[in-house]
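I went through the pocket and the cavities, with their linings.

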Amino acid sequence: MFLAAARTQAADLHVTPNGLPSGPGTEDKPYDLVTALSGFVGKPGDTFWLHEGVYPIGNLETKIHGDASQPITFRPIPGQRAQLVGSLTLWDSIGYVIFRDFELYSGEGRRVSQQTGVGFSPTDLPNFKAGIQVYTPNFSFINLVVHDTVRSAFYTSAEATNTMIYGCLVYNTGWISPDNAEGHSFYLQGAGEVSDCIAFNCAGVNFHLYANGDGYWLRNLTVDGNAAFGAGTIQNVRPSRDWVVGVDSPSIAADNIVLKNNMGFAISNAITLPQVQLGRENMNGTITLSSNYWPQGIVLNNWKNATVSENVIAPQGSEPAVDLQQSLTKTTGQWNSNYYSRSSSREKFRAGTKDCSFADWKKNTGYDTASTCNAGRLGGTKVFVRPNRYEPGRANIVVYNWDNSGKVAVDVRSALDVGTAYEVRNAQDFFSPPVLGGIYDGQALQLPMTGLTVAKPMAALQTPAPTGPTFNVFILLPKTRN
């Protein structure tokens with residue numbers, strides 16, 4: 001009984017850039033981060049507090065774990081910026097570890113390969129790894145900023161079940177060569193949840209929920225409240241998409257995939273393909289699409305069951321609003337209460353190889369009996385405020401400003417209490433000075449839609465143009481940080 005009681009006494013341990021490989025981990029005798037992550041110090045329930053500074057970790061592999069009722073947590077001291085430089089691989093562990101609130105980037109400026117004909121395996125790029133690689137279950141990643149990784153920012157294998165990725169900001173990931181480019185914001189194969197993340201300006205796909213290994217499944221993934229834009233925009237070699245879901249042979253199928261409350265924006269260029277691609281080569285099981293705001297078309301391939309409801313699907317180019325391809329199986333499910341908008345007076349829906357009007361789409365498929373389709377571009381403003389689950393006063397703010405006004409009024413009462421000191425940061429250049437700040441008085445915030453900057457990649461890759469005034473993403477923060 002004494003030992004059980006002692007086990008529940010969680011400790012606060014300290015970590016600094018010049019910490020020690022041994023010792024008590026106290027504030028005056030802190031650990032270094034590599035030691036703290038080794039799994040040989042601390043115990044379930046402990047919190048490792050990272051002090052301000054830069055932490056070179058190299059390509060760090062760890063089997064660290066807590067337990068289900070007492071996870072281990074790594075997080076910065078509030079108000080301090082902890083920057084991890086390198087990559088982190090998690091494997092052979094029962095998990096139950098939480099990483100939150102810090103920054104991770106590769107620190108590697110060589111992300112342009114000179115090789116051709118080598119596919120996705122150039123050998124002339126150093127540290128050719130994803131920023132965070134997860135091969136084991138029960139890990140959580142909360143409010144991280146992950147950028148400028150050599151490969152993808154996050155990679156989860158099929159073994160990485162019960163993974164939570166929440167509130168993360170991801171950008172400028174990936175590499176290029178003369179004939180190829182890759183590096184996704186999220187490359188996910190394991191079951192779990194990715195919610196309230198912002199992903200943009202990568203060399204590959206922003207949300208790449210995909211498998212092509214022998215006998216693999218892609219299943220039991222929930223994707224909720226995320227924003228994605230600018231896939232491929234840091235390179236000009238290989239077209240890419242913001243959203244790809246599905247499997248290719250020899251993988252088996254995708255199943256039990258849920259995408260809800262997500263937001264997109266189609267960048268107007270030749271690299272970023274505008275459509276949301278849901279389904280690849282193989283036959284799939286169940287997919288649910290609900291309350292997504294996609295000013296772009298969607299492609300659905302070979303789903304046995306599809307629930308498609310209360311979405312805004314509004315392509316801004318010439319692509320169909322819906323491109324339904326079911327050559328391998330028939331689909332059933334509920335498909336209704338959606339809003340479609342076309343950028344011109346010409347309606348365009350597609351089933352198989354045939355284009356049709358909205359009226360014929362409804363007649364031929366039996367879908368969308370209570371949905372609407374309007375001609376003309378989207379107008380006015382549409383604002384989404386997504387309060388953060390883990391940090392009171394924090395929220396993602398996604399603004400569609402179809403009339404291109406200079407400022408947009410945003411009501412943040414759902415996220416911020418009156419009298420709270422706050423700041424608003426431009427997500428596309430998060431570490432630049434705040435665009436707004438003060439003491440919240442309950443009135444709408446007037447957010448600027450012009451004059452905003454975009455973070456430059458830490459490599460010889462191109463910097464995309466700002467998306468304003470038509471579209472911008474902001475992060476509201478309580479003013480307790482530097």
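I sorted lining residues by class: Ala, Val, Leu, Ile, Met, Phe, Trp, Tyr, Cys and Pro count as nonpolar, Asp, Glu, Lys and Arg as charged, and the others, Gly among them, as polar. The model is predicted; local features need pLDDT of at least 70, side-chain atom pairs need 80 or more, and totals for linings use all residues. Residues are numbered from 1 along each chain, and side-chain values use heavy atoms, without hydrogens or water.

**Cavities.** I took a cavity as a set of points on a 1 Å grid over the protein atoms alone where a 1.4 Å probe fits but cannot get out; lining residues have an atom within 4 Å of a point. I found two cavities of 30 Å³ or more.

Strand β17 (192-195; a DSSP run of E, at least two residues) gives the largest share, three residues.

The second largest cavity has about 30 Å³. I listed L33, L37, L50, F74, L84, L88, F99 and F102 around it. By class that is eight nonpolar, no polar and no charged residues.

**Pocket.** A pocket is an open set with protein on both sides within 12 Å along at least five of seven lines. Of its 27 lining residues, F120, E182, H184, H208 and R238 are closest to the centre. I counted 12 nonpolar, 10 polar and five charged residues in the lining.

Definitions and conventions
Grid points are joined across faces, edges and corners, and a volume is the space filled by probe spheres set on the points. Helices (H or I, at least four residues) and strands (E, at least two) are DSSP runs, numbered from the N terminus.
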